Amino acid sequence: MVRDSDAHDRGESDTAGGRGATDADAATDGGADRRLVGGWEGRYYEDFAVGDVYKHPYGRTVTETDNVWFTNLSMNLNPMHFNEAYAAETEFGERLVDGTFVIALAVGMSVIDVSANATANLGYDDIRHHAPVFHGDTLFAESEVLDKRESSSRDHVGIVTTELRAYNQHDDLVLSLERTPMVLKRSHAEPSAARPTGWPEGIGTQPEDLE
């Protein structure tokens, strides 16, 4: 189920992401006033609702370089990933993309919507590879909220469980898994346009620079 409120959660209001009616006003009057405008900061615990589905932006085409480098970095010695002559004689007829790379890529694609404000990942469960991934395939990912609950040991976070699903360009499901991060509560965060997540204080344009 995709909720109509998802657009609101993704930052199309002043409270959620810093973009709202004032942005439209600035555009119509020529944008003469310079100001800091907050961007998408990711969801906080309060923003999740069981049943919501987030289709993560941007597909990603998997290249031969991705596969070869990842198998080298992770010391995966299965020749299915790096030996074309060997792979050509298998049932697939060509090399397969390392499954752990597919997991890492799908999880990474989901961060923008699910865990940009996570303080820790508690686990990855029920991981299933449903179809092989080949060089040149383009993957897309979506997450569905399965559960959320308060943390019993930490007041500043809640625990969210999502099912992550990845598809190729043919709409074949290639991967599914459940992941459970601890996500920061909005009431314990201090997001601002002047100091977004990851920026040290005082770097870049400051409010006083616009006066």
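How many salt bridges does the count come to by the rule used here? The count is eleven, where a salt bridge is a side-chain nitrogen of Lys or Arg within 4 Å of a carboxyl oxygen of Asp or Glu.

Before going further, a word on the ground rules. This is a predicted model, with local features needing pLDDT of at least 70 and side-chain atom pairs counting only at pLDDT 80 or more, while totals for chains, interfaces and linings use all residues. Residues are numbered from 1 along each chain as its sequence is written, and side-chain values use heavy atoms, leaving out hydrogens and water.

| Salt bridge | N to O distance |
|---|---|
| Asp66 and Arg60 | 2.8 Å |
| Glu64 and Arg95 | 2.8 Å |
| Arg165 and Glu163 | 2.4 Å |

Take Glu64 and Arg95. Glu64 sits in helix H3 (residues 64-73) and Arg95 in the loop between helix H4 (84-88) and H5, so their bridge ties together parts 31 residues apart in sequence. Helices here are DSSP runs of H or I with at least four residues, strands are runs of E with at least two, and both are numbered from the N terminus.

How open are these side chains? The scale is relative accessible area with a 1.4 Å probe and protein chains only: buried is under 20%, exposed is over 50%, and partly exposed is in between. Arg95 is buried at 12%, while Glu64 is partly exposed at 40%. In the next pair, Asp66 is buried at 16% and Arg60 is partly exposed at 31%.

Now for the nonpolar cores, meaning sets of buried Ala, Val, Leu, Ile, Met, Phe, Trp, Tyr and Cys residues joined through side-chain atoms within 4.5 Å. The largest has 17 residues, and Val62, Val133, Leu139 and Leu175 have the most contacts inside it. Helix H5 (99-114) and strands S4 (138-150), S5 (157-167) and S6 (173-184) each give two or more residues to this core. H5 supplies the largest share, with seven.
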